[in-house]
Amino acid sequence: GYSSPSPRLRGEGRGEGFLCHKELRLVQTVLPAILSALLFSGCAIGPNYVRPTMETPSTFRGQAAPATETSFTDMPWWEVYKSPELEALIREALDANYDLRKAVSRLEQARAVAAQSRGQLFPQFGYQYDASRGLIPSATNPDLSTDNSGSAVLTAGWEVDLWRHRRRPHEADRAKYLATEEAKRGVTISLVAGVAQAYFELLALDLQLDIARQTTNSFGESLR
């Protein structure tokens with residue numbers, strides 16, 4: 001005949017059913033969190049930039065110890081050349097050189113673009129005002145009545161940059177600005193070096209001309 005399962009077996013059946021239900025609830029709770037974390041990480045624009053490490057020699061071309069004094073190239077050009085005439089020529093060249101003017105213009109443009117992209121990271125505020133005045137006819141009054149109206153609207157908003165879609169363009173614009181600044185510095189150094197080289201070459205030619213004149217005079221005196 002039919003016999004009911006023992007209490008021990010019924011207890012084991014309820015225990016197994018309880019564990020399966022608990023595991024299912026755990027999966028239903030953890031799985032959406034994992035999928036959400038993966039989705040959110042996939043929406044982020046690029047990882048944070050980390051400058052790569054480079055192995056560089058401790059000395060340069062057999063240098064015994066690193067230089068402790070200020071480098072010659074880092075000194076201001078007006079402290080390098082001790083000639084008032086050369087300084088005046090360099091200042092004139094810096095003021096009138098078109099390549100340097102273009103470099104300065106590009107630097108100012110890059111600075112403005114970097115500042116504009118950085119402003120997108122902060123709250124935005126705005127306002128709008130409208131006023132009007134006119135004559136409106138009325139059905140009960142044949143004369144025109146004056147109507148004055150005005151409105152003012154203030155707006156404020158801030159977008160939290162969770163996915164870095166605003167920070168990454170700002171970092172790119174800032175890098176371009178720094179590169180433009182170095183390019184402007186390079187143009188300045190090349191211009192100063194070119195003027196100084198031409199100046200010293202002119203001095204050398206003047207000395208050679210003076211030597212040639214003295215040599216001519218000495219030969220002329222020896223023939224007398």
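Why does alanine 93 count as buried? In this predicted model, in which residues are numbered from 1 along each chain as its sequence is written, local features need pLDDT of at least 70, side-chain atom pairs count only at pLDDT 80 or more, and totals for chains, interfaces and linings use all residues. Side-chain values use heavy atoms, with hydrogens and water left out.

Alanine 93 counts as buried because its relative accessibility is 18%, where buried means under 20% relative accessible area, exposed over 50%, and partly exposed in between, with a 1.4 Å probe and protein chains only. Alanine 93 is found in helix α3, residues 84–96, helices being DSSP runs of H or I with at least four residues, numbered from the N terminus. Leaving aside residues up to four places away in sequence, alanine 93 touches Leu191 and Val195, a contact meaning heavy atoms within 4.5 Å. Between alanine 93 and threonine 188, which are 95 residues apart in sequence, the C-alpha to C-alpha distance is 9.8 Å.

Histidine 170, which lies in helix α5, residues 167–222, also counts as buried, because its relative accessibility is 12%. Apart from residues up to four places away in sequence, histidine 170 touches Ala114, Ser117, Arg118 and Leu121.

His170 is also one of the residues that line the second largest pocket, together with Asn48, Tyr49, Arg168, Glu171 and Arg174. A pocket is an open set of points on a 1 Å grid over the protein atoms alone, where a 1.4 Å probe fits, with protein on both sides within 12 Å along at least five of seven lines, and lining residues have an atom within 4 Å of a point.

Definitions and conventions: Helices (H or I, at least four residues) and strands (E, at least two) are DSSP runs, numbered from the N terminus.
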